[in-house]
Amino acid sequence: MSSGRDAFVAHTSGSQDRSPAGNRGLLVNLTPGATVISPNRQHSLTFDREGRLHLYFRQGLTYKRSLSSELHLRFQDGGRQRRQLPSDEARSIFLEAYALAGEVRARAVGELEVRLCEEILRWTPESLAAERRRFLSCYRPISILPPDQYLSIVLQATEGCSWNRCTFCSFYMDRPFKTKSPVEFREHASGVKDLLGAGAALRRGIFLADGNALALSLRRLEPLIGAAKEIFPDRPLFGFIDLFSGDRRPLEHWKRLVDLGLRRVYIGMETGLDELLAFVNKPGSAIELRNFVEELKGASLSVCLILMVGLGGREYRSAHARASLEVLKKLPLDDSDLIYLSPFVEQPGSTDYSERRTKADLTPMTEEETEAELQRMAQIIRRLDLKVSRYDIREFIY
Ligand code: SF4
């Protein structure tokens, strides 16, 4: 693994500044997956190994470029703020970031100089923006990923969700459910390989999208996984699975997928309260979930359960939390598993949830109430010796 030994200045953060005069303050970290350049304490740039901007930190502002070359801004201002930049603003940030890299070029030698010349400085705002067309030529929009999978390689074995009728969910409303044929999938995965290029080194696992791909029969799934592993070898597999499609599959199904490299599945549990699950039109129950998780753990899979905080509004707050925590206590979870708490985001106009909530006379929780409830539930879950983390769908970027 290259540690940046050849670079003019190659530090990991926290190390002392050993830069020669004229390069004081410059920190560089060269890894097989990324090039990180901090010209000074206020600026830090991360590029993938194709030289495409991945992250740009500037004085408290964080710009994240998606694979489709959208630029997203994150910053703190009385809470976490986020917005996607319009193309003209994105262009000027791309220009600024690459100009900074250009300034460093004049002082770089060794591996840093090579990476700047051969990977990074060949990009322009126009060629970066054109990546969007390349992205759309091989992907349907990636609607959502779990936060620990933002840096996976997404391969769409299926498109859409086989249910697509939960009242709160708009992720796959734009497409009917479809399974790719082995030929289509291979073409898709090869297109993704071309798109990522050397940038694939930044990404660890393979996430089999969209929804419920893992519930396909082994007869349909194995050739797709075979192609994925051939095109992106030696990477663990991950994917969403919903209870109502996953629990139709026997233990042998999951054991076989583990043999093929599946490591963790992500289940949208939403709530442990059956009444609330029925209210949002999601099939399943707490008992079915328990049986399903027992089966998955029996196959040695890591399980991640996603709970929505704020679902059902104030009226359901206590019952939802109580029932969900009761379910978690009974599940055979261990330290390889994870609970995600997701602040519920209503999407009036996009889903049926708001209308149904109004008819049912339920009061939405404010952001502050949802946040406080999330923190309260997280504390209790930690006391159960379970790992818990936040999953804000508004933060999603691929
Ligand atoms: S929440 Fe999951 S199961 Fe329900 S419609 Fe959305 S993707 Fe499908």
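A residue is taken to be near a molecule or strand if its C-beta atom, placed from the backbone, lies within 6 Å of it. In this predicted model, local features need pLDDT of at least 70 and side-chain atom pairs count only at pLDDT 80 or more, whereas totals for chains, interfaces and linings use all residues. Residues are numbered from 1 along each chain as its sequence is written.

The residues around the ligand are Cys-161, Trp-163, Asn-164, Cys-166, Cys-169, Phe-171, Tyr-172, Gly-211, Asp-242, Gly-268 and Lys-282. This shell divides into six nonpolar, three polar and two charged residues, where Ala, Val, Leu, Ile, Met, Phe, Trp, Tyr, Cys and Pro count as nonpolar, Asp, Glu, Lys and Arg as charged, and the others, Gly among them, as polar.

Nine residues of domain 1 are in contact with seven residues of domain 2, contact being defined by C-beta atoms, placed from the backbone, within 7 Å. On the side of domain 1 that touches domain 2 there are two nonpolar, two polar and five charged residues.

An open sheet of seven strands runs in the order β8-β11-β12-β13-β14-β15-β16 with parallel pairing; strands are DSSP runs (E, at least two residues), numbered from the N terminus, and two of them pair if DSSP finds at least two bridges between them. The edge strands, each pairing on one side only, are as follows.

| Edge strand | Residues |
|---|---|
| β8 | 153-156 |
| β16 | 388-390 |

Strand β8 pairs with β11 (residues 206-209) in the parallel sense over four bridges, and Leu-155 has Leu-208 in β11 as its bridge partner.

Terms used. Contact = placed C-beta atoms within 7 Å.
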